[in-house]
Amino acid sequence: MWKSIALAAALAVAGAGAHAQSKKELAQKAVQLQAEGVEGIGRSIADQTANQVLSAVGPALQAVPPEKREATAKDLQAEVKKFHAEIETVLRKRAAEAGPATLGALLESRFSEDELKTLIAWLESPVSKKFEQIVPEMHQALSQKVVADTKGTVEPRLKALEATLRKRLEAGGAQLSAPAAGSAPGKK
């Protein structure tokens, strides 16, 4: 009988400890378990910003004399790469700082306490960790499949677009060389 009472008391204490976490604490724990993804948001913003800068510079690069264009392009890319490295650090750090309050509040408002416990159990599970490891491979496999399956549809349209853009650029007075073979985006 004493063993039963001691066991019941131990289970009650353990249960009380498990329930002692507030909904807010559970939400924060869920965010903490996703810290790498939170920092990834900062990395993604840095990537997008650098790509936008490079895209904006592209047309202006055409005004550079042809003999200086390649060297100028490399110089610009080096500057953008340096800029990217600087802002990525800042953005990743800020995402990590803002994540708990921002994402924690969303989780807390949209999930019940039991749902947060289930989410945390999933995030801590070996299956979740294994799944996260193959996500990049899944994205790559799907991307390759989509590109392969749509190549016959997209490639002719891309070539038509390139021809149209070429004609318009030439009509505007641009001196263009022949397009490089295999220059289509998505080719590896």
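The model is predicted, so local features need pLDDT of at least 70 and side-chain atom pairs count only at pLDDT 80 or more, while totals for chains, interfaces and linings use all residues. Residues are numbered from 1 along each chain as its sequence is written, and side-chain values use heavy atoms, without hydrogens and water.

The chain has a mean pLDDT (the predictor's confidence in each residue, from 0 to 100) of 81, and 79% of its residues reach 70 or more. Among the helices (DSSP runs of H or I, at least four residues, numbered from the N terminus), confidence is lowest in H1 (residues 2-19), at a mean of 39, and highest in H5 (residues 113-124), at 96. Over residues 1-19 the pLDDT is below 50, and this stretch has three contacts (heavy atoms within 4.5 Å) beyond near neighbours in sequence. Residues 180-188 also stay under 50, with six contacts beyond four places in sequence.

Helix H3 (residues 35-61) has 27 residues and reaches 39 Å from its first C-alpha to its last, close to the expected 39 Å (1.5 Å times one less than its number of residues). Its buried residues (under 20% relative accessible area, 1.4 Å probe, protein chains only) are Val 38, Gly 42, Ala 46, Ala 50 and Leu 61. Their cover includes helix H2 (23-33) and helix H4 (66-110).

How values were computed:
Helices (H or I, at least four residues) and strands (E, at least two) are DSSP runs, numbered from the N terminus. Buried means under 20% relative accessible area, exposed over 50%, partly exposed in between (1.4 Å probe, protein chains only).
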